[in-house]
Amino acid sequence: MSTALVASVLLVGAALAGGPVGTPGAPEAAVAAPQWPVPQPFPVPDDPSETLADLPPGSEYVALGDSYSAGYGLRHPTGLPVAACAQSGEDFPHRVAARFGLDLTDVTCAGATSEDVRDRTQFRGAPPQVEALSRSTRLVTLTIGGNDADLFGTAASCLALSASGPVFSGRNAPSCRSTLVRDGLDTLDAKIQGRVALGIAETLADVRRAAPNAEVVLLGYPAIFPDAEHTPATGCFRAAVDLSTLAGQFPDDTYPFTDTDVRWLHGVQEQLDQVGRDAARAAGVTFLDVFADTQAHSACARRDAYVEGISLDSLGGFSQIDLQPGALHPNRTGVRYLTDRTSDVLRRAFD
């Protein structure tokens, strides 16, 4: 590999080590956005295409959660609750509200953790999300836990030069797993089983208290890393840098993870899915499992993927290299899937 290309790879690793996928903007740059409602591509009609017997049009629906609910990387930014949240009017809450004629307040925000939902101001102008709830709220949806576990930040730091490594940011480590599993202890799994599980449980308890009359739906995360059955025999690896990088161009929709890390990160995501399921059961709320059903549609898939692969951007002649918005997040096909699955849950709960 040429010296210039090696240098660009090192810059990618340095840039990606700085923060998780889907965490935009600095808090001090955030300012309060206009109040609801705002123009968006899925307006709530007076005569919706579908109605629910026990959730009539105009019922109050509040969407909480992180970038997987906010539609990070999609078009039509709402600027809500602040522009730094990177919320899209194409996200699944807007689509669900339009389908059933619900009165939506969408406070989803990319980068949100359980604390940001419960009791922390994530950005100036974006107070704790739970403050949007009330006794009149009839429906709440949320995705949470991924940023508590730093799953997306870990994945961003696992980009590799080949299917056998090394990873960009790992000081020639053959894989991310080799740096995060120490003496048989998986540090990321330990975090999920402890702090993350507790954070999800506390969040659901606070949501239930703030919206006692609401149906609460906790969505799991769609597959980013596939199981063995849906991993091609030749592996998933698609390089994020190649000879075209010398000219400042990067391949689109890549999947630059080692075979070892695909298996390991699938297991990590499986554990995150399980603690979400367990927390929902303990809190008496509905858990929508989308992980199992999307194994064939992870970012590894070359066709019909629900999750975007990795595409890199270069600014200033490699002075800054970052992931394009939406990397490892649901694409428009994935958001339509989440909309349909959420709608199925609502039909069972309210019809």
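(Buried is under 20% relative accessible area, with a 1.4 Å probe and protein chains only.) Six of the six residues of S1 (residues 60–65) are buried, so the strand is largely enclosed by the rest of the structure.

A note on the source: this is a predicted model, in which local features need pLDDT of at least 70 and side-chain atom pairs count only at pLDDT 80 or more, while totals for chains, interfaces and linings use all residues. Residues are numbered from 1 along each chain as its sequence is written, and side-chain values use heavy atoms, without hydrogens and water.

Next I looked up the neighbours of S1. Strands here are DSSP E runs of at least two residues, helices H or I runs of at least four, numbered from the N terminus; two strands pair if DSSP finds at least two bridges between them. S1 runs parallel to S2 (residues 103–106), joined by four bridges, and Tyr61 has Leu104 as its partner there. S1 also runs parallel to S3 (residues 137–143), with six bridges; Glu60 is partnered by Thr137.

Then I turned to the helices. The axes of H3 (residues 92–100) and H9 (residues 332–350) come within 9 Å and cross at roughly 50°.

How values were computed: Axes fitted to C-alpha atoms, helices over the stretch in contact; angles between N-to-C directions. Buried < 20%, exposed > 50% of the residue type's maximum accessible area, 1.4 Å probe, protein only.
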